[in-house]
Amino acid sequence: MLSDHDLNRVSAVMVTYRSRPLIPQIVKNLQCFSNFVLVDNSANESQSVVAELSKLFSKGVYPHNKINRGYGGGNNLALSYVTSEFALIINPDVELNISSINAMIATADLYPQAIIVGAQIFDSRQKTQDISYGWRYPDNPSHPYTEPDGDLSTMFLSGCCLLIRVKPFQELGGFDENFFMYYEELDVCQRVIAAGGDCVLSANTYVNHFSQSSSTPSWRVSYIKTLHYNRSKQIFLSKYGYEKKSKLGLLLRGLGHGMSGLIHLGLFNSTRGIKSFAKAHAHLCLIHKKQNQEHKSIRFRCSLATFYFLGTIVLEDI
């Protein structure tokens, strides 16, 4: 548990999605806090962690989520229930300890202009130091990771563990919900700096991240992640002027990925085929600006009539 002085200064905020296998780690993390808000984006109760966690933490806040609003939307919903000075946004596949939490709060106190404080992330699954900071997109540092000599002001922080100064963060509008998943932290860090705030990496804070374990692996999850990564990347590039594609450009890129998917399936490489179709879907749905169509649900159906010879994979049951 945190010290009495810090107990009421920070609330944990967590968004989960089909994360039942991670309940032991989630419980271990939430035990560090006296206040937390958890939003579950799972489609049905059998996949949700809320029922089990509410038995263990009766004082936790579990807002009802009618639709899956993604990472940013889920965190925005959770933050609307936070009354403390700080919120620590943590992924369900992150491993925390008290010293790390205290170090992040100490860093925030040292730099009152910092609206977001990040941690150094170690990828426990890949056994590598993750990219935890950067100064300009897309020129983020590459491996091997450069250990900072001390706290530093940066333009990018890893989104799996972020200490948020709640009031100024909400005044900025929180996370941009056009980014359903991926690139939210890049976007929000850009907006914090543009507003005159700061994003600071806490050099003395170390957090373990068990990458790609926040939801149960499957081809459907792979499709969803690939789709959203590419969709969010295009939105980010367009929003900040790095790259703008016309509707024709998006169409051609989407058709190209679709053709690639057919070739990979023909070669019995289903993994690459699925990812290529997801990339095609990402580009083609941007043509019609169907923002967060993934709110619907995700049962995949192939429709040659809709997607011509490529086929369309429709998200119906996220």
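Figure 1. Helices (H or I, at least four residues) and strands (E, at least two) are DSSP runs, numbered from the N terminus. Among the buried residues of helix 4 are Y71, N75 and L77. The buried residues of this helix pack against strand 1, strand 2, strand 3, helix 6 (166–171) and helix 7 (184–194). Residues are numbered from 1 along each chain as its sequence is written, and side-chain values use heavy atoms, with hydrogens and water left out. In this predicted model, local features need pLDDT of at least 70 and side-chain atom pairs count only at pLDDT 80 or more, while totals for chains, interfaces and linings use all residues.

**Figure 2. The largest nonpolar core.** A nonpolar core is a set of buried Ala, Val, Leu, Ile, Met, Phe, Trp, Tyr and Cys residues joined through side-chain atoms within 4.5 Å. The largest has 34 residues, and those with the most contacts inside it include L30, L88, C161 and L163. Elements that give two or more residues to this core include strand 1 (10–16), helix 2 (23–30) and helix 5 (98–110). A second, separate core of 26 residues includes A78, L152, V188 and V192. Leaving aside neighbours within four places in sequence, L163 is in contact (heavy atoms within 4.5 Å) with residues including V10, F86, M104 and I116.

Figure 3. Side chains of opposite charge can pair when their charged atoms come close. A search of the whole structure finds nine salt bridges (a side-chain nitrogen of Lys or Arg within 4 Å of a carboxyl oxygen of Asp or Glu). In one of them, E85 pairs with R9, the closest N and O atoms being 3.0 Å apart. E85 lies in the loop between helix 4 and strand 3, and R9 in the loop between helix 1 (4–7) and strand 1, so the pair ties together parts 76 residues apart in sequence. E85 is partly exposed, at 35% relative accessible area, whereas R9 is buried, at 14%. R9 and E85 also belong to a network of salt bridges with D109 and R165.

**Figure 4. Cysteines C189 and C199.** A disulfide is a pair of cysteine sulfur atoms within 2.5 Å, and the count by this rule is zero. The sulfur of C199 is 3.7 Å from its closest cysteine sulfur, in C189, too far for a bond. C199 is buried, with a relative accessible area of 0%.

Key. Buried means under 20% relative accessible area, exposed over 50%, partly exposed in between (1.4 Å probe, protein chains only).
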